Amino acid sequence: MAINYSERIPNNVNLNGDRRLQRALEAWQPGFLQWWAEMGPETFQGADVYLRTATSTDAQGWATFGYVKMPDYRWGIFLADLEPERKIPFGEHKGEPVWREVPGEHRGVLRRLIVTQGDTEPASVEQQRHLGRTCPSLYDLRNLFQVNVEEGRHLWAMVYLLHAYFGRDGREEADALLLRRSGNADNPRILGAFNEKTPDWLSYFMFAHFTDRDGKYQLASLAESGFDPLARPCRFMLTEEAHHLFVGESGVGRVIARTCQLMKEHNTDRVGEHGGIDLTIIQKYINFHYSVSLDLFGSELSTNAATYYSAGLKGRFKETDRDDDHQLAASSYTVLKPVNGIVIQTEQPALNALNETLRDSYIADCERALARWNKIIREAGLSFELKLPHRGFRRSIGEFAGVKVTPDGQIVGEEEWQRRKSEWIPTQAEREFVASLMKPTTAPGQFASWIAPPARGINHQALDFEYVTALPAD
Ligand code: BYC
């Protein structure tokens, strides 16, 4: 469905036909723009960025590329097309027509899910706002900004739901989404990973790979929702999410490729003095970002998750493709738990283990991506192998919270953990070293010393295309 860009808030939800909602969203818009000016990308608000703007909500809908100054980007409200016959795919109401209005008894729970999802979007923009100043190339700078403006629109999608379906408390929640700040001690973002710093571009690529991938799985679960107004924007958001994951996976892959090149060129695995990042440091960044992102799935055993599912509000990944009863009342699921110093397998009611079920889908996806990174190393003729740490490593939420688990899954005491943790997560010195490499590289076609160029440019453009122009003076 095409989107009308002549309106103040571009949309495909017929905002014109609901003047009250239109006025409410128009009243929220200046606050959003002010938030963007204060917390959006630093320094580059006046630059012209070669951005893609969605023109329709089908998978081919982002054909329009052109230079845009970010504050002029047309954030709007886009829902995937309505399926008139859609039925609730799971839970106690399975097979009934989907809800077009909020089911009264689940109002609070639904609002909370929407607020949690919405909160992550501005949080990630805040975390990344300073990165432009140290970009490794114009290509990467443009990709960062593309991701940032789309996260802005994902916020709009959730704010639309709060305004359209949750009355006064929805409007208050929408305002609060612009007031919380990533990492702020008094008013932090809701989920842990969104209060961490993204201090350098290696962290950014890891975040886009591991944390955005949580987004893919959470959005896919919400896209199954029996509350159709939530399912439809999530479907559209997922199509954009694919690019964010590409930025993360290919970004880390290019860092690995450059490291391998330097290792061979100089016949060493210590490439720091040649302007690269050692594979051992990359492994530690993987350990850090993967474990922080695993926490985003919540506790292994969660009655909240059981309620979301039974009520038909939040499904599993690819719920409709699964071959079971979609109610799970009689099913069990294997969950790992630390008991008496070892990790054991336990059988749990499947309904209570839905966070773990989603985490398992995510882990399988991370394993596949890791195999692609390892292929880069293998094809360079080197023998190093990157690994994902054990799921209990460095967890703050759920069964493993507070338990000291090594990357290979051994439970150790506090003393051993403190002694050895520098083997597993980046040390201050390593972080400072990575930060020291982050020199801005802004000549068209040039790339920083620590990252290989991508295989191809954006939208068939050359690698030396000026993806961002009218750069601010130093
Ligand atoms: N940090 O019963 P539990 C994305 C809280 S990313 C802090 O296990 P539940 C994106 C929990 O709230 C996707 N607190 O929780 C990526 C609960 O609090 P209460 C974002 C946490 O409800 C990159 C308590 O602990 N979307 O889109 O089963 C860039 C008990 O936990 C955390 C969503 O998350 C944490 N990590 O599951 C941009 C989807 N984990 O009740 C964007 C919506 C748990 O004791 N959210 N807690 O006060 C949900 O589905 C669920 O809320 C969660 C948690 C999966 C997050």
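Arg-258 is found in helix H6, which spans residues 228-266; helices here are DSSP runs of H or I with at least four residues, strands are runs of E with at least two, and both are numbered from the N terminus. The model is a predicted one, in which local features need pLDDT of at least 70, side-chain atom pairs count only at pLDDT 80 or more, and totals for chains, interfaces and linings use all residues. Residues are numbered from 1 along each chain as its sequence is written, and side-chain values use heavy atoms, with hydrogens and water left out.

With a relative accessible area of 18%, Arg-258 is buried. Buried means under 20% relative accessible area and exposed means over 50%, with partly exposed in between, for a 1.4 Å probe and protein chains only. When residues up to four places away in sequence are not counted, Arg-258 touches Ser-449, Trp-450, Ile-451 and Ala-452, where contact means heavy atoms within 4.5 Å. Arg-258 and Val-102 are 156 residues apart in sequence, and their C-alpha atoms are 51 Å apart in space.

Leu-245 is also found in helix H6. Its relative accessibility is 9%, and Leu-245 therefore counts as buried. A separation of 28 Å lies between the C-alpha atoms of Leu-245 and Ala-429, which are 184 residues apart along the chain.

For the chain as a whole, the secondary structure comes to 11 helices and five strands. The radius of gyration is 23 Å, close to the 23 Å that the globule rule gives for 474 residues, so the chain is as compact as a globular protein of that length. This radius is taken over C-alpha atoms, and the globule rule is 2.2 Å times the number of residues to the power 0.38. Along the principal axes, the C-alpha atoms fill a box of roughly 65 × 60 × 40 Å. Buried residues make up 57% of the 474 residues. Of the contacts with a separation of 6 or more, 72% are between residues 24 or more positions apart.

Strands of a sheet pair through backbone hydrogen bonds, either parallel or antiparallel. In this chain, three strands form an open sheet in the order S2-S1-S5, with antiparallel pairing. Strand S2 (64-69) and strand S5 (468-469) are the edge strands, each pairing on one side only. Two strands pair if DSSP finds at least two bridges between them; strand S1 (residues 48-53) and S5 pair in the antiparallel sense over two bridges. Val-49 stands opposite Val-468 in S5.

Most residues other than glycine have a negative phi. Asn-14, although not a glycine, has a positive phi of about 55 degrees. Asn-14 is placed in the segment before helix H1 (19-39) and is exposed, with a relative accessible area of 55%. For Asn-340, phi is near 50 degrees, again a positive value in a residue other than glycine. Asn-340 lies in the loop between strand S3 (332-339) and strand S4 (342-349), and at 80% relative accessibility Asn-340 counts as exposed.
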